[in-house]
Amino acid sequence: MTEAFALPFFQTAVLAALVLAGIHAYLGFHIVRRGVLFVDLALAQMAALGVALGVVLGREHDEAGSYLLALGMTFVGAALFAWLRGRSRTVPLEAFIGIVFATAQALVFLVLEKSPSGPEHLKETLVGSLFTVDPAHIGRVAVLYAIVGAVHFALRKPFFEITQDAEGAEKRGRRVFLWDFLFYATFGLVVTSSVQIAGVLLVFGFLVIPAVAGLMASARTGVALAVGWAFGFTCSVAGLLASVQWDLPAAPSILVTLSVLLAAHGALLALLRAVRGAKTVRA
């Protein structure tokens, strides 16, 4: 199985997984703590809708044009979710997010229905192209993610303040709509690029599962992020190895590995806490 590490396409996929796991574990921490778990799935689906529109408009081979269409759709979603947060007093924000996701998914099917290459493009929006992605593209995406990461580091105080307590932040004078829009817009930049590489399903997995693993391990932000990063990357490599070993699609293999190892991670944490509790009782 270790022979896979000598394969150029496998090395590129591992590099992509490292880049994706790094930024998504961080953004996923915010998403999980904000309680809007499906916002990433909805924005990813909005990006997929933009890609589908590019196919219909004959821009599937125009990388820049297709990307701008996908990015434009995610910005529409970002503005919508930022606006809805302050207006969802009686209806949970998650309900609106679910509506956006389902509608965007339906529109993707409708848009690609008449395209001769529709089924292939539909599959690609779901599972991505980890084993065929150009290494140069990964490099460009890594630079973009580094810029987004730098922005989030510089603005970490308002972002974390709103993530931890949006109502309190608003009472203290934070303009929550503007900060939310900036958060979701940068989030959309990441998701748009990620969907082209890993597909909608794995993007959702990368955003939620490592963050959950980190928060299960510790309530401390730094520790939770470190665990999430390590968990996401380790599961990605394991999933890629399984994909090569059994000739399976890369993205679904990683997603299933993330879920299975999350269950094992939770069981191990529960066991360790039970052992500590037993020692405390005896002491």
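Which residues make the nonpolar surface patch of about 440 Å²? Leu 80, Trp 83, Phe 177, Leu 178 and Phe 181 do.

## About the model

This is a predicted model, in which local features need pLDDT of at least 70, side-chain atom pairs count only at pLDDT 80 or more, and totals for chains, interfaces and linings use all residues. Residues are numbered from 1 along each chain as its sequence is written, and side-chain values use heavy atoms, with hydrogens and water left out.

## The nonpolar patch

Helix H3 (63-85) and H9 each give two or more residues to the patch, and H9 has the largest share, with 3 residues. Phe 177 sits in helix H9. (Patch residues have over 30% relative accessible area and no salt bridge, with nonpolar side chains joined within 5 Å; areas use a 1.4 Å Shrake-Rupley probe; helices are DSSP runs, H or I, of at least four residues.)

## Where H2 meets H9

The axes of helix H2 (residues 39-56) and helix H9 (residues 176-217) come within 8 Å and cross at roughly 95°. H2 and H9 are therefore roughly perpendicular (65 to 115 degrees).

## Salt bridges

The whole structure holds 3 salt bridges (a Lys or Arg side-chain nitrogen within 4 Å of an Asp or Glu carboxyl oxygen). In one, Arg 34 meets Asp 180 at 2.8 Å, N to O. Arg 34 lies in helix H1 (residues 8-34) and Asp 180 in helix H9, so the pair ties together parts 146 residues apart in sequence.

Terms used. Axes fitted to C-alpha atoms, helices over the stretch in contact; angles between N-to-C directions. Parallel < 35°, antiparallel > 145°, perpendicular 65-115°, else oblique. Patch = residues over 30% accessible without salt bridge, like charges linked within 9 Å, V, L, I, M, F, W, Y side chains within 5 Å.
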